[in-house]
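Subject: Handover of a structure and findings

Dear colleague,

Please find below the structure that I am handing over to you.

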Amino acid sequence: MFPAPYGSPDGLFHRLRHAAEDRWDAYCWHPFVQGLADGTLPLAAFRRYLVQDWLFLIHFARAKALAAFKAESLDALRGKAASLNALLAEMNMHLAYCAEWGMSEADVLATTEAPETVAYTRWVLDRGMAGDILDLEVALAPCTVGYGEVARRIAEHPRRRREGNPYESWITAYSSPEYQALARGAAERLDALGVSHGGEARFRTLAATFSEAARLEAAFWQMGLDAAR
């Protein structure tokens with residue numbers, strides 16, 4: 001398995017990642033990701049993913065806002081506000097990508113959400129509504145931290161293609177020091193919440209949530225691939 005680049009070796013994030021090892025690898029090194037790395041991903045697959053990911057991020061932003069509501073302290077509330085602002089900036093980045101492909105914000109918003117988008121986003125919101133801040137953060141972590149790991153796996157891939165890779169700007173965005181710091185911070189926060197909110201006693205439930213989020217992430221990549229077939 002790819003070495004875990006985030007969180008404490010004995011922290012909650014490492015334990016969750018290890019418990020979901022097969023699903024985590026299937027997500028972080030999905031054929032879609034491999035196609036990003038070597039530039040062979042069909043353009044139709046990326047276009048489908050890009051539009052649906054922006055629609056996904058609308059609901060992800062709502063989940064971040066819910067995390068602010070459930071924040072356990074004023075410092076945590078400030079952190080959630082900063083995280084939400086970072087996500088809104090990421091959405092603007094996605095819109096810039098869409099514009100490069102000839103799609104405006106109105107075009108994207110007029111697109112119907114794919115079943116995979118609906119399944120993932122509503123599931124995250126449901127976990128957040130039903131549980132506490134730890135339940136919600138565990139459901140969110142595979143997206144936030146996972147994209148950081150995906151970028152690092154791509155960077156170390158022996159067939160990594162830079163010159164002429166149509167997805168180079170996407171890879172660069174998630175490889176950036178800013179995004180990598182965001183991923184590290186999310187894993188460290190999960191470790192801290194695991195201590196303060198009884199993660200050890202709740203590990204089985206939290207592990208099931210983390211594993212399901214990883215499965216839904218892999219299904220999201222697959223949705224993009226299916227669009228090119």
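Predicted model: local features only at pLDDT ≥ 70, side-chain atom pairs only at ≥ 80, totals over all residues.

Residues are numbered from 1 along each chain as its sequence is written, and side-chain values use heavy atoms, with hydrogens and water left out.

The core

Buried means under 20% relative accessible area, exposed over 50%, and partly exposed in between, with a 1.4 Å probe and protein chains only. Helices (H or I, at least four residues) are DSSP runs numbered from the N terminus.

W221 is in contact (heavy atoms within 4.5 Å) with Y27, H30, F32, V33, Y49, Y147, V150 and W170, leaving aside neighbours within four places in sequence. In helix α1 (residues 12-19), the buried residues are L12, F13, H14, L16 and R17. These buried residues of α1 pack against α2 (21-28), α8, α10 (177-196) and α11 (203-227).

A buried glutamate

E137 lies in helix α8 (residues 133-156). With a relative accessible area of 8%, E137 is buried. R189, which lies in helix α10, is joined to E137 by a side-chain polar contact of 2.8 Å. A polar contact is a pair of N or O atoms within 3.5 Å; within protein, one must be able to donate a hydrogen and the other to accept it, and residues adjacent in sequence count only if both atoms are side-chain atoms. Leaving aside neighbours within four places in sequence, E137 is in contact with K80, R189, L190 and L193.

The pocket and the cavity

Both were found on a 1 Å grid over the protein atoms alone: a cavity is a set of points where a 1.4 Å probe fits but cannot get out, a pocket is an open set with protein on both sides within 12 Å along at least five of seven lines, and lining residues have an atom within 4 Å of a point. Grid points are joined across faces, edges and corners, and a volume is the space filled by probe spheres set on the points.

The largest pocket has a volume of about 170 Å³. Its lining includes A86, E90, E178 and Y179, and α5 gives the most to that lining, with 4 residues. A86 is found in helix α5 (residues 74-100) and, at 32% relative accessibility, counts as partly exposed. A86 and E178 are 92 residues apart in sequence and 9.6 Å apart in space, C-alpha to C-alpha.

There is 1 cavity of 30 Å³ or more, and about 150 Å³ of space lies in the largest cavity. Of the 18 residues lining the largest cavity, F60, L87, E90, C143 and Y179 lie nearest its centre. The largest share of this lining, 5 residues, comes from α4.

With kind regards

Methods: Helix = DSSP H or I, 4+ residues; strand = E, 2+ residues; numbered from the N terminus.
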